[in-house]
Amino acid sequence: MKLSRRDVVARLGAGALLAWPILSATRPAAGATIKKRFVTFFSSSGVRQDLFWPKGTPGAFDAGLYSLDGTSLQPLEPYLSEIIIPKGIKIDRGPGDSHDAGTVAALTGDHPRSLTFRSKPVARGESVDHFLAKALCKETPEKLLVLGVRLRVLRMSKYTSYDERGYEVEPLQSPYTLYDRVFKRFARSCGSPGSGTGGQGQVWELLRLQKRSILDTVRVQTAEMMRLYGLDANERQKLERMEEAIRSVELRLTADPETTPAAPGVSGCATVKQTMEAGTRVSDDDASFPKLLKLHLDLVALAFELDITRVITISLSLGGSGGAPMRWLQWRDSAGRSAAIDASHHNVTHGLERNVANYREKLQVIDRWNFEQFAYLVGKLKAIEEGGSTALDNGILWYATDVGDGKSHSSTLMPFIVAGRAGGSLKSGRYMAFTDQPRHQRLLTDFCHRLGVDIPEFGQPGAGGGGSLL
């Protein structure tokens with residue numbers, strides 16, 4: 001017998017929803033439904049190929065056949081057992097500008113419908129994140145979150161996510177707007193406002209009494225469920241944990257609001273709430289890019305902790321033009337002198353064509369920084385415990401891009417990385433090499449299968465077949 005959000009409402013009443021973000025974030029019982037998730041972490045313009053691929057030979061990480069020493073992937077060294085590095089995949093993007101077509105094709109698995117952004121719809125169909133959200137997010141408050149950081153040029157390469165009609169999904173770029181629209185109502189469970197005086201304090205006291213009354217009712221109804229429904233040991237344990245969570249909420253309601261801790265299993269909630277509601281606001285400018293990105297990544301992790309959604313796409317950059325000059329990064333010349341990188345990632349890839357000297361040295365710094373950000377998100381998801389597993393164990397986190405090499409705009413040797421175990425259906429900790437250049441539609445199809453969605457193929461008809469890649 002599986003208890004879902006819908007079950008809790010049906011059996012315990014709508015009042016139980018006050019505690020749902022916390023109840024859903026407690027550790028699931030053995031045998032409970034796994035919350036499978038899918039995240040796309042997209043950064044345009046490919047990589048410096050000679051520094052990307054692991055050193056050694058393909059195989060399993062625990063066999064010691066390869067390492068990331070000296071590569072741009074070195075920030076992922078602590079997570080070697082969590083990631084798959086598949087070498088040899090080709091992106092099937094069709095004609096048109098490599099960045100525009102590559103960005104559209106990356107998640108849709110198909111060529112753009114149009115070669116001009118003015119002609120709508122742009123894509124031939126929905127992207128894999130949009131497709132998976134319908135299967136994985138039936139019971140979550142949000143079906144899909146599409147995010148972006150400083151995407152300031154209006155062109156096809158700005159958009160990674162598309163709906164069923166092929167229309168682009170506008171990425172939400174302000175972490176503060178994201179928090180206010182999606183998280184704020186759930187973050188109330190992270191801590192209590194000050195008791196205050198006068199009318200505000202009286203309102204809070206009334207809300208506290210109402211919530212305590214609801215929690216008392218939920219506790220009684222939970223005990224009745226355990227008596228009437230013939231639950232097995234696993235489900236009984238889950239309901240007992242629900243009772244523990246209810247008691248935790250009750251303690252928080254009676255505790256000193258100034259010292260109230262975060263909810264069990266929702267370790268990042270109070271911190272994010274404090275940052276977003278009371279912290280110094282980060283400016284929306286190029287210089288603040290790293291801080292804006294971190295705010296977004298922390299919200300991605302919190303969305304999974306609170307089970308607000310199970311599918312998220314976040315894009316760091318758009319290819320072909322624009323992009324933030326990466327002045328927060330320093331590169332060193334042969335004499336050891338350091339200077340800021342005063343160009344965007346895309347412009348650096350083209351070197352002297354875009355008046356960027358020493359572009360290869362600068363790309364080395366940029367690529368490593370990009371993978372530090374990816375590693376940060378891997379670590380955040382790995383830290384979310386769910387029974388004997390983690391949010392990373394239960395999902396797939398995909399590092400995606402539009403081209404293999406930013407200077408040549410190659411479509412081969414795509415620098416994809418796959419993190420996570422998809423709830424146990426995917427074996428991680430491998431470096432793989434393909435000699436037949438499989439098309440990336442097979443990877444998208446594989447993602448669907450590993451996450452429990454049984455379809456013949458995803459994307460362009462005939463391109464996604466051929467069996468599992470991973």
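Predicted model: local features only at pLDDT ≥ 70, side-chain atom pairs only at ≥ 80, totals over all residues.

Biologist: How far does α9 reach from its first C-alpha to its last?

Modeller: Helices here are DSSP runs of H or I with at least four residues, and strands are runs of E with at least two, numbered from the N terminus. α9 has 17 residues.

Biologist: How many residues of α9 are buried?

Modeller: Buried means under 20% relative accessible area, exposed over 50%, and partly exposed in between, with a 1.4 Å probe and protein chains only. α9 is largely enclosed by the rest of the structure. The buried count is 14 of the 17 residues.

Biologist: At what angle do α5 and α9 cross, and what does that make them?

Modeller: Axes are lines fitted to C-alpha atoms over the stretch in contact, and angles run from 0 to 180 degrees between N-to-C directions. The axes of α5 (residues 175-187) and α9 come within 9 Å and cross at roughly 20°. Under 35 degrees counts as roughly parallel, over 145 as roughly antiparallel, 65 to 115 as roughly perpendicular, and the rest as oblique. That makes α5 and α9 roughly parallel.

Biologist: Which residues make the contact of α5 with α9?

Modeller: Contact means heavy atoms within 4.5 Å. From α5 come P175, Y176, L178, Y179 and F183. From α9 come L292, L295, H296, L299, L302 and A303.

Biologist: How do α8 and α9 lie to each other?

Modeller: α8 (residues 269-278) and α9 (residues 289-305) pack at about 140°, with axes 10 Å apart. C269, V272, T275 and M276 of α8 meet L295, D298, L299, L302 and E305 of α9. The orientation is therefore oblique.

Biologist: How far is W331 from V365, C-alpha to C-alpha?

Modeller: W331 sits in strand β8 (residues 330-332). W331 is buried, with a relative accessible area of 10%. Beyond four places in sequence, its contacts include R337, I341 and V365. W331 and V365 are 34 residues apart in sequence, yet in space 6.5 Å.

Biologist: Where is the phi of A422?

Modeller: Most residues other than glycine have a negative phi. A422 lies in the loop between β13 and β14 (430-433). A422 is buried, at 0% relative accessibility. Its phi is positive, about 50°.

Biologist: Is the peptide bond from K120 to P121 cis or trans?

Modeller: Most peptide bonds are trans. P121 is in the loop between α3 (98-108) and α4 (128-136). Omega from K120 to P121 is near 0°, and the bond is cis.

Definitions and conventions
Residues numbered from 1 in each chain as written. Heavy atoms only, no water. Expected span 1.5 Å × (residues − 1).
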